[in-house]
Amino acid sequence: MDLFATLANIGDALCVLGQCAEALPYFSRLIGLKSPETSSEPAMKALPLRGLGLVALAEDEPQMAVMLLQRALAILEQAPLERLGLREIMIETMRALADAHTALRSKPQRARELRRRAAELESAN
């Protein structure tokens, strides 16, 4: 496993454990880091953005979370979902973005649409 994957996995694990704030240094290091195996994979650009968005959401900064998660989702939507477990990452990103919109009390329709799309992707597995 390379450094990129290790940092992403540690950051994700901390968020799963409810310690997203502690994941910030790991997700921050991903920015600009090129993995030999993934440097040509555009979806890898989404992982640091997604991670930083999760941290922003955990730190009660939903506006920042929306910005970061929207960028991550746009990148993920351009990649084939079968690669590198991207389906699960996209589902989690959609749900986090919906949560950020809900926290802002803005765009409730967008939040519902994201949750619906995430549920559809999950049931397609």
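User: Which residue follows H5?

Analyst: This is a predicted model, in which local features need pLDDT of at least 70 and side-chain atom pairs count only at pLDDT 80 or more, while totals for chains, interfaces and linings use all residues. Residues are numbered from 1 along each chain as its sequence is written, and side-chain values use heavy atoms, with hydrogens and water left out. Helices are DSSP runs of H or I of at least four residues and strands are E runs of at least two, numbered from the N terminus. After H5 comes a residue with a positive phi, near 60°, namely Arg 105.

User: How far does H5 reach from its first C-alpha to its last?

Analyst: H5 covers residues 86-104, which is 19 residues. The expected span is 1.5 Å times one less than the number of residues. For H5 that expectation is 27 Å, and the model comes close to it, with a reach of 27 Å.

User: Which helices do the buried residues of H5 pack against?

Analyst: Buried means under 20% relative accessible area, exposed over 50% and partly exposed in between (1.4 Å probe, protein chains only). The buried residues of H5 include Leu 86, Ile 89, Thr 93, Leu 97 and His 101. With contact taken as heavy atoms within 4.5 Å, the buried residues of H5 pack against H3, H4 (62-76) and H6 (108-123).

User: Is Arg 50 buried or exposed?

Analyst: Arg 50 lies in H3, residues 46-58. It touches Asp 12, Leu 69, Ala 72, Ile 89, Glu 92 and Thr 93, leaving aside residues up to four places away in sequence. Because its relative accessibility is 3%, Arg 50 counts as buried.

User: How is H2 oriented relative to H3?

Analyst: Axes are lines fitted to C-alpha atoms, for helices over the stretch in contact, with angles from 0 to 180 degrees between N-to-C directions. The axes of H2 (residues 20-30) and H3 come within 9 Å and cross at roughly 155°. Angles under 35 degrees count as roughly parallel, 65 to 115 as roughly perpendicular, over 145 as roughly antiparallel and the rest as oblique, so H2 and H3 are roughly antiparallel.

User: How many charged residues has the contact of H2 with H3?

Analyst: Residues of H2 including Leu 24 and Phe 27 meet residues of H3 including Gly 51 and Val 55. Ala, Val, Leu, Ile, Met, Phe, Trp, Tyr, Cys and Pro count as nonpolar, Asp, Glu, Lys and Arg as charged, and the others, Gly among them, as polar. The contact has 12 nonpolar residues and 2 polar, and the number of charged residues is none.
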